[in-house]
Amino acid sequence: MLVEKNAPLQQYNTFGIMARAMNLVRVQSEQDIREFLAGPPLGASRQVVVLGGGSNIVITRDVEPTVFKMEIMGKRLVAETDRHYIIEVGAGEVWHDVVAWSLEQGYRGLENLALIPGTAGAAPVQNIGAYGIELQDRFDSLDAVDLTNGESFSLNAAQCAFGYRDSVFKHAPAETMPLTMIARATGSTAPRGMGLAGRAVITRVRLRLAKDWKPELSYLDLTRKQAEKGVENPTAQDIFSWVVEIRRAKLPDPATIGNAGSFFKNPQVSSEVCEDIIAREPKIVHYPMLDGSVKLAAGWMIDACGWRGKSIGKAGVYDRQALVLVNLGQGDNSVTGGEVVTLAQAIQASVYERFGIRLEPEPIVW
Ligand code: EPU
């Protein structure tokens, strides 16, 4: 087990915020987690926070809980049925590399999720999604380690309780009992809806990719791209390239402009609330959902409030996509987590004032 004291985190969060971890453990195997749990506490407590690609966090201070930097690697085919390929990837693998590798191997289905920053282990936590596909549509199961006793367990999709940018890993635990004891009591590894935030660490993720592949081109940006390219029957590789083009045109590359992707979720409201808003704001971009509710485009609302291209301190609103907050500083002169939070709160206040909607941040604040 490799432990680093006072480890700089600027390289490890895509916002590029400067902060340090009192203790950073490089987790390269399940055994590393068990060694950490069996040894003396590294800091004041045994509390742990998990760092994947650092693409969904805002760090507001030096981090006292032990930071697990996930570096479990590996990408392989673990099973094949008549209808599916099941691939397994280590939590530390870069998500985009997983997408590119799977296509090279001939396993299609992840192409719409190209170029999403972050690691494979973080993908189920917020059920990453883009261009008409969410991780849950391609998910098979995952392995994790229970931080209360070091035991490994697996979860299927139902047990992960996926929702829009949501899963069991985003909710605080209701139970303090070890997961294995709960399993014995309930006959399942983790009852649906049980919170696992801070309680379990994802180590491996398995994806189920159908051999009978169908392109998913219904998202407006992709439909337009297909028309522009004039390709009637695109391959998965075509869609992969188009998604990369669309993302590069719209979203800032964290390597040059620090950011954490969409900063807010697209709020979901009842059709009555939506009707009400449309009566006042006829141009609002909205999408009817299968359950009768309506999703509102948060980026449109923020843009309509005049925030696109504006800034507070070194925290800015990206000028090509108002849903993305960016670091206008660099290196030693980087934005602080506090500035990002201040800008986010100012945006929430003006969206609430105009639309009566409370925007919920997507990244986790440390
Ligand atoms: N819009 C504006 N002005 C803006 C931004 C957006 O008018 O400044 C409008 C767009 O013209 C469009 C609508 O709002 O009509 C929605 O915008 P877009 O298609 O860019 O998608 P989004 O809802 O803003 C979501 C995801 C992205 C994902 C894209 C494509 C969330 C929170 N965000 O963005 O995910 O890439 O759809 O599927 O659901 C992420 O989670 O980090 C992320 C980038």
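Helix α2 (residues 95-105) and helix α6 (residues 236-250) have axes that come within 10 Å and cross at roughly 155°. α2 is therefore roughly antiparallel to α6 (angles over 145 degrees count as such). This is a predicted model, in which local features need pLDDT of at least 70, side-chain atom pairs count only at pLDDT 80 or more, and totals for chains, interfaces and linings use all residues. Residues are numbered from 1 along each chain as its sequence is written, and side-chain values use heavy atoms, with hydrogens and water left out.

**Helices α2 and α6**
- The α2 and α6 crossing is left-handed.
- His 96, Val 99, Ala 100 and Leu 103 of α2 meet Ala 236, Gln 237, Phe 240 and Val 244 of α6 (contact means heavy atoms within 4.5 Å).
- By class, the contact of α2 with α6 has six nonpolar, two polar and no charged residues.

**Helices α5 and α6**
- The axes of helix α5 (residues 220-229) and α6 come within 10 Å and cross at roughly 115°.
- α5 and α6 are therefore roughly perpendicular to each other (65 to 115 degrees).
- Their crossing is right-handed.
- On the α5 side, the contact includes Asp 221, Lys 225 and Lys 229; on the α6 side, it includes Trp 242, Glu 245 and Lys 250.
- By class, the contact of α5 with α6 has five nonpolar, one polar and five charged residues.

**Ligand surroundings**
- Of the 24 residues around the ligand, Tyr 131, Tyr 164, Tyr 219, Asp 303 and Ala 322 come nearest (a residue counts if one of its heavy atoms lies within 4 Å).
- A backbone N or O atom of Tyr 131 is 2.7 Å from a ligand oxygen atom.
- A polar side-chain atom of Tyr 219 lies 2.7 Å from an oxygen atom of the ligand.
- A side-chain N or O atom of Lys 250 is 3.0 Å from a ligand oxygen atom.

Terms used: Axes fitted to C-alpha atoms, helices over the stretch in contact; angles between N-to-C directions. Helix = DSSP H or I, 4+ residues; strand = E, 2+ residues; numbered from the N terminus. Parallel < 35°, antiparallel > 145°, perpendicular 65-115°, else oblique. Left-handed = near helix turned anticlockwise from the far one by under 90°. Nonpolar A, V, L, I, M, F, W, Y, C, P; charged D, E, K, R; others polar. Polar contact = N/O pair within 3.5 Å; in protein donor to acceptor, adjacent residues only side chain to side chain.
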